[in-house]
Amino acid sequence: MAFGRTVFIGNPAANNGAGAADIAALESLAQASAASFSSLEFIRTAGPGDAAARARAVEADLVVAVGGDGTIHEVVSGLMERPPADRASLGVIPCGNGNDFARTLGMPVGVAQAFPALLAAEERPLDVGLCNGVPFMQTLSFGLDAAIALGTHDRRARTGQTGTSLFVSEGIEQLLHHRDEYAFEAAFDGMAERGRMMMFAVQNGRTYGGGFDICPEAEPSDGMLDICYASAPLGLVPALLLFLRAKGGNHVGSRKMTFHRVRALDVAFDPSPPAQIDGERIESPRYRVHIEPAALSVLFARR
């Protein structure tokens, strides 16, 4: 397809610092295909928050996030601050660790594979989740799964691990030492529910944690959020088996798992659990979540 004004926003620090080389390779490929774009611009982010600020300010028809889920989260945050009629379309060149939103889009990982897929992509409207006003494209979670996602930042820096193995290693560590329980009070589309949970996920796309199929029925353009939580208490062996089964979506039949599909969620926890939104930390005494249907136009890889 032909593209209008296109801006690539890349994170040089993504993927343990390999992002800089990825951006340079992408710039070479894009310049060689310059006829596919009415104009091209490359922006390298300088630190946290910069991608959001650049996406908010840029005048473009297409903004392409180059990096991992954190970079995408920032770019989307910036785009969503613009009026709906003035939002650029979103593209993704995945160069991070989890790459779960890229998985939703069918985009291959790595510049050499993703750039040709971007050139051949098709544009579709996509829902955006909002939690206390903060947008998310893929995942919002609380408790054990959030602790795992947040813990991967330190583990990646210490060990250099990437991808699914990074999340599996951190998951086992958390399961061994931090199977904490949290009481919750929630309203699922206004229907009250109380319980105790160990993990609680709110999904726009199916996967989190580098491909764990946590909500296999999630569809990011159906105007709904898919929610699942694991009831506490849960011993080490059952928790470990549930964790491993979730990689392939085989946890769905467990009596410990509860699933909902909603347009809005209001939830509070006691005590306050770890919480993440597209891999970034979020903290609040109460979380008000809803879906904004067809809020962004997004480029999907053609099948």
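**Reading the strands, helices and cores of a predicted model**

Trainee: Why are strand β8 (residues 182–188) and strand β9 called joined?

Mentor: Seven antiparallel bridges connect β8 to β9. Two strands pair if DSSP finds at least two bridges between them, and therefore β8 and β9, with seven bridges, count as paired. Strands are DSSP runs of E of at least two residues and helices are runs of H or I of at least four, both numbered from the N terminus. Ala 187 stands opposite Ala 192 of β9. This is a predicted model, in which local features need pLDDT of at least 70 and side-chain atom pairs count only at pLDDT 80 or more, whereas totals for chains, interfaces and linings use all residues. Residues are numbered from 1 along each chain as its sequence is written, and side-chain values use heavy atoms, with hydrogens and water left out.

Trainee: Which residue takes a positive phi in the hairpin of β8 and β9?

Mentor: Asp 189 does, with phi near 50°, in a hairpin that has two residues between the strands.

Trainee: How do you know that β9 pairs with β7 and with β10?

Mentor: Strand β7 (residues 139–143) and β9 (residues 191–203) share five antiparallel bridges, and Ser 141 stands opposite Ala 201. Six bridges join β9 to β10 (residues 225–231), again antiparallel, with Phe 200 opposite Tyr 229.

Trainee: What makes one face of helix α8 the buried one?

Mentor: In α8 (residues 236–246), Ala 239, Leu 242, Phe 243 and Ala 246 are buried (under 20% relative accessible area; exposed is over 50%, partly exposed in between, with a 1.4 Å probe and protein chains only). These buried residues fall within an arc of 100° seen down the axis, so they line one face of α8; the arc is that of the directions from the helix axis to the C-beta atoms. An α-helix has 3.6 residues a turn, so residues three or four places apart point the same way.

Trainee: Which residues have the most contacts inside the largest nonpolar core?

Mentor: Phe 8, Val 75, Ile 93, Phe 101, Leu 296 and Val 298 do, in a core of 48 residues. Such a core is a set of buried Ala, Val, Leu, Ile, Met, Phe, Trp, Tyr and Cys residues joined through side-chain atoms within 4.5 Å.

Trainee: What is the omega of the cis peptide bond that joins Asp 270 and Pro 271?

Mentor: Omega is about -5° for that bond, and Pro 271 is in the loop between β12 (264–270) and β13 (275–277). The bond from Ala 232 to Pro 233 is also cis, with omega near 5°; Pro 233 is in the loop between β10 and α8. Most residues other than glycine have a negative phi, and most peptide bonds are trans.

Trainee: Is Asp 278 buried or exposed, and where is Ala 294 found?

Mentor: Asp 278 is buried, with a relative accessible area of 6%, which is under the 20% limit. Asp 278 lies in the loop between β13 and β14 (280–281) and has a positive phi of about 50° although it is not a glycine. Ala 294, in strand β15 (residues 287–300), has a positive phi of about 50° too. Ala 294 is called partly exposed because its relative accessible area is 48%.
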